[in-house]
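Hi,

Here is the structure I promised to pass on. Have a look at it first, and my notes follow below.

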Amino acid sequence: MEKQKLIRIFDRQATQYDKKREDPKQKLWRQNLLSHAKGEVLELAVGTGANFPYYPKEVKITATDFSEAMIEKAQQAVKHYHLHADFICSDIEELNFPDQSFDTIVSTLSICSYKNPIVVLDKIKRWCRPGGKILLMEHGISSNFMVSTLQKTFNPLLYRVYGCHYTRDILGLISESGIKIDKAESYWLNMVHLIWAKPQH
Ligand SMILES: C[S@@+](CC[C@H](N)C(=O)[O-])C[C@H]1O[C@@H](n2cnc3c(N)ncnc32)[C@H](O)[C@@H]1O
């Protein structure tokens with residue numbers, strides 16, 4: 001899909017994402033993951049800042065997203081939670097930081113929407129400092145035959161409406177990228193994965 005069209009799809013969903021931040025299951029997962037964040041944090045595809053309530057207060061966040069509407073909501077959220085964050089409105093696939101710039105890199109519910117997930121995972125691996133943490137909460141193809149068949153059938157339609165792919169092999173992509181998984185938990189017939197990882201230096 002053409003990039004400007006994809007950005008418009010996410011712009012239109014900003015209000016709806018802002019309301020979804022109270023989802024109790026996601027709250028628990030986000031809490032579990034983000035309590036491990038430390039130091040200088042890069043959050044990719046921050047959306048409306050649904051992770052903000054769960055960061056330790058002392059972290060310094062750089063938050064990115066290519067949707068201005070999402071960033072506007074995230075800027076309101078960061079004030080509400082008294083966190084320190086700088087925002088960059090950009091396509092992650094075109095963004096560059098020096099290697100080993102961050103102690104923690106966070107991406108939640110986002111690998112589904114990148115055009116080239118391996119390109120982004122490679123950047124994550126390079127931008128994370130040795131000894132740093134890569135924290136991911138991502139959704140992809142289920143290991144259940146019935147569910148995965150439905151995901152494959154409806155994926156073209158869902159992508160056009162929501163801008164997300166529902167058929168990505170998340171653990172496979174991470175392994176292909178060379179990022180080293182320390183711990184992974186999978187939920188909802190292996191559709192959702194919580195991942196604690198590190199760059200393999
Ligand atoms: C499904 S939302 C998830 C938002 C948030 N991470 C969360 O956990 O609620 C996906 C987000 O990724 C952003 N996004 C998708 N592709 C992107 C890209 N290539 N560069 C920057 N942001 C992107 C969208 O604008 C949207 O805010």
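Sorted by class, the shell around the ligand holds ten nonpolar, six polar and four charged residues (nonpolar means Ala, Val, Leu, Ile, Met, Phe, Trp, Tyr, Cys and Pro; charged means Asp, Glu, Lys and Arg; the others, Gly among them, are polar). Before going further: this is a predicted model, where local features need pLDDT of at least 70 and side-chain atom pairs count only at pLDDT 80 or more, while totals for chains, interfaces and linings use all residues. Residues are numbered from 1 along each chain as its sequence is written, and side-chain values use heavy atoms, with hydrogens and water left out.

Now the ligand's surroundings. It has 20 residues around it, and the closest are Tyr17, Ala45, Asp65, Asp91 and Thr108 (near means a heavy atom within 4 Å). The protein buries 98% of the 600 Å² that the ligand exposes when taken alone (Shrake-Rupley areas, 1.4 Å probe).

Aspartate 91 turns up again in a salt bridge with lysine 3, at 3.4 Å from N to O (the criterion is a Lys or Arg side-chain nitrogen within 4 Å of an Asp or Glu carboxyl oxygen). This pair links distant parts of the chain, 88 residues apart: lysine 3 is in helix H1 (residues 3-20), and aspartate 91 is in the loop between strand S3 (84-89) and strand S4 (102-108) (DSSP runs, at least four residues for helices and two for strands). The whole structure has nine salt bridges.

Best wishes
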